Amino acid sequence: MFIRENKNRSGTVSIQVVEKNKGRNKVIFTAGSGVTPVELELLKIKAQKFIEDQSGLLPLFLDQEDLIVQTFV
């Protein structure tokens, strides 16, 4: 699975999670669409989290948010 940016006719950009199967791309999940770089970055993070959830593997490194929660607890 990988993340693809798809430009739409309206000028927005859709962020999609795509899987290649038998030479064809199949859209598994659409995170959403946005215009600004900030919106697109947030959608890419959402798509990356979807990929991580689907893979079933635990991350090797902790996120900054995880470290903040662990120091609080």
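These are legends for close-up views of a predicted model. In this model, local features need pLDDT of at least 70, side-chain atom pairs count only at pLDDT 80 or more, and totals for chains, interfaces and linings use all residues. Residues are numbered from 1 along each chain as its sequence is written, and side-chain values use heavy atoms, with hydrogens and water left out.

**View 1. Lys22 sits in a loop between two strands.**
Lys22 isn't a glycine, yet its phi is positive, about 55°. Lys22 is also exposed, at 81% relative accessible area (exposed is over 50%, buried under 20%, partly exposed in between; 1.4 Å probe, protein chains only).

**View 2. Lys44 and Glu5 form a salt bridge.**
Their side chains meet at 2.6 Å, N to O (the rule: a side-chain nitrogen of Lys or Arg within 4 Å of a carboxyl oxygen of Asp or Glu). Lys44 belongs to helix α1 (residues 37-55) and Glu5 to strand β1 (residues 2-7), so the pair ties together parts 39 residues apart in sequence. Both are partly exposed: Lys44 at 26%, Glu5 at 44%.

**View 3. Here's the largest nonpolar core, with nine residues.**
Its members include Val13, Ile15, Ala31 and Leu40; a core like this is a set of buried Ala, Val, Leu, Ile, Met, Phe, Trp, Tyr and Cys residues joined through side-chain atoms within 4.5 Å. The largest share, five residues, comes from α1.

Terms used:
Helices (H or I, at least four residues) and strands (E, at least two) are DSSP runs, numbered from the N terminus.
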